[in-house]
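Here is a short briefing on one protein model. Please keep the sequence and the structure in view as you read.

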Amino acid sequence: MPGFLRSREGFEELSTGPSGITQPKYRSNVFAGLERIPTYNKYLYHLRPWDSTPSVVYVDHVHRRDWWKLNPPTMTRVMLFLALAVLVQFVVSFLPLLANLQLLQIRWSNYVMPDWAYTRGWILLACWCITNALAALSVWFVYLDGGVEDHLMPLLLYVAVLTLEAIWADILFGGNYIAFAFFVWLAMLVLLLICAVVFFRIAVLAGLFLLPQCAIFTYGVAFLAGLWSKNGAVYVYVV
């Protein structure tokens, strides 16, 4: 059985040359770079030189973020996650609006708007698209920092925001419940602000890219409050 020599760079497999002198055969990079992570020195002796991969004991103790850096995902996996994040973000944001498009046009023309409200549809649509794209990138930056497993709770918090975002159009345009829609948007804003703080602590860009959506949600809450004051909690259209 060949022996191994531990070194700062990794492990060298020893072999016996023609002259009978033991010399390094090749350098294994299995553990190369582990000394750079904080838990390496503490669990150094859980690494057995004859292992082809780190032992189970070591894997159980090593921090996931450090493990993510040593074994990063492939570029294909990274880009697929980005595509999935963009797809989910836009589907959740636009599908309820498209499903209620006819009612949206009717309600929008009949609501008594707040005096200060900006109602140009194409400008609002452009802002909505930009903020949703930035939000998808924010989730992607969180994923790049340590993967889904390392940041499961922050990502689930953002899923809660998407869940509320998927139902507000049915409440406002389908049911005409302005007050209920206001509280849904208020909950969305609070959750998104928490997400922005948590994301910022994970990755600065992730937190910054959520700020435009926080601004849009703040405007939405103010707009619905004004709509509520002008039309009442439940708008009744009289023909």
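**Helix packing, core and selected residues**

Helices α3 and α5 cross in a right-handed manner; a crossing is right-handed if the near helix is turned clockwise from the far one by less than a right angle, and left-handed if anticlockwise. This is a predicted model, in which local features need pLDDT of at least 70, side-chain atom pairs count only at pLDDT 80 or more, and totals for chains, interfaces and linings use all residues. Residues are numbered from 1 along each chain as its sequence is written, and side-chain values use heavy atoms, with hydrogens and water left out.

**Overall layout**

- The protein has nine helices and three strands. Helices (H or I, at least four residues) and strands (E, at least two) are DSSP runs, numbered from the N terminus.
- From the N terminus on, the order is β-β-β-α-α-α-α-α-α-α-α-α.
- Of the 239 residues, 41% count as buried. Buried means under 20% relative accessible area, exposed over 50%, and partly exposed in between, with a 1.4 Å probe and protein chains only.
- Among contacts with a separation of 6 or more, 66% link residues 24 or more positions apart. Contact means heavy atoms within 4.5 Å.

**Helix pairs**

- Two packed helices are described by the angle between their axes and the distance between the axes.
- α3 and α5 pack at an angle of about 145°, and their axes are 9 Å apart. Axes are lines fitted to C-alpha atoms, for helices over the stretch in contact, and angles run from 0 to 180 degrees between N-to-C directions.
- By class, the α3 contact with α5 holds 21 nonpolar, three polar and one charged residues. Ala, Val, Leu, Ile, Met, Phe, Trp, Tyr, Cys and Pro count as nonpolar, Asp, Glu, Lys and Arg as charged, and the others, Gly among them, as polar.
- The axes of α5 (residues 121-150) and α9 (residues 211-231) come within 8 Å and cross at roughly 135°. α5 is therefore oblique to α9. Angles under 35 degrees count as roughly parallel, over 145 as roughly antiparallel, 65 to 115 as roughly perpendicular and the rest as oblique.
- α5 passes α9 in a left-handed crossing. By class, their contact has nine nonpolar, three polar and no charged residues.
- On the α5 side, the residues that meet α9 include W128 and N132. Their counterparts in α9 include Q213 and F217.

**Nonpolar core**

- The largest nonpolar core has 49 residues, and Y158, W168 and F217 touch the most other members. Such a core is a set of buried Ala, Val, Leu, Ile, Met, Phe, Trp, Tyr and Cys residues joined through side-chain atoms within 4.5 Å.
- α3 (75-99), α5, α6 (152-174), α7 (178-202) and α9 each supply at least two residues of this core. α7 gives the most, with twelve residues.
- Beyond its neighbours within four places in sequence, F217 contacts W128, V161, E165, W185, M188, L189 and L192.

**Residues to find**

- N132 lies in helix α5. N132 is buried, at 0% relative accessibility. Not counting residues up to four places away in sequence, N132 touches Q89, F90, S93, E165 and Q213.
- The C-alpha atoms of N132 and F209 are separated by 9.7 Å, although these residues are 77 apart along the chain.
- S138 is also found in helix α5. S138 is buried, with a relative accessible area of 0%. Leaving aside neighbours within four places in sequence, S138 contacts F199, A206, G207, F209 and L210.
- N176 sits in the loop between α6 and α7. Phi of N176 is near 65°, a positive value in a residue other than glycine. N176 counts as buried at 7% relative accessibility.
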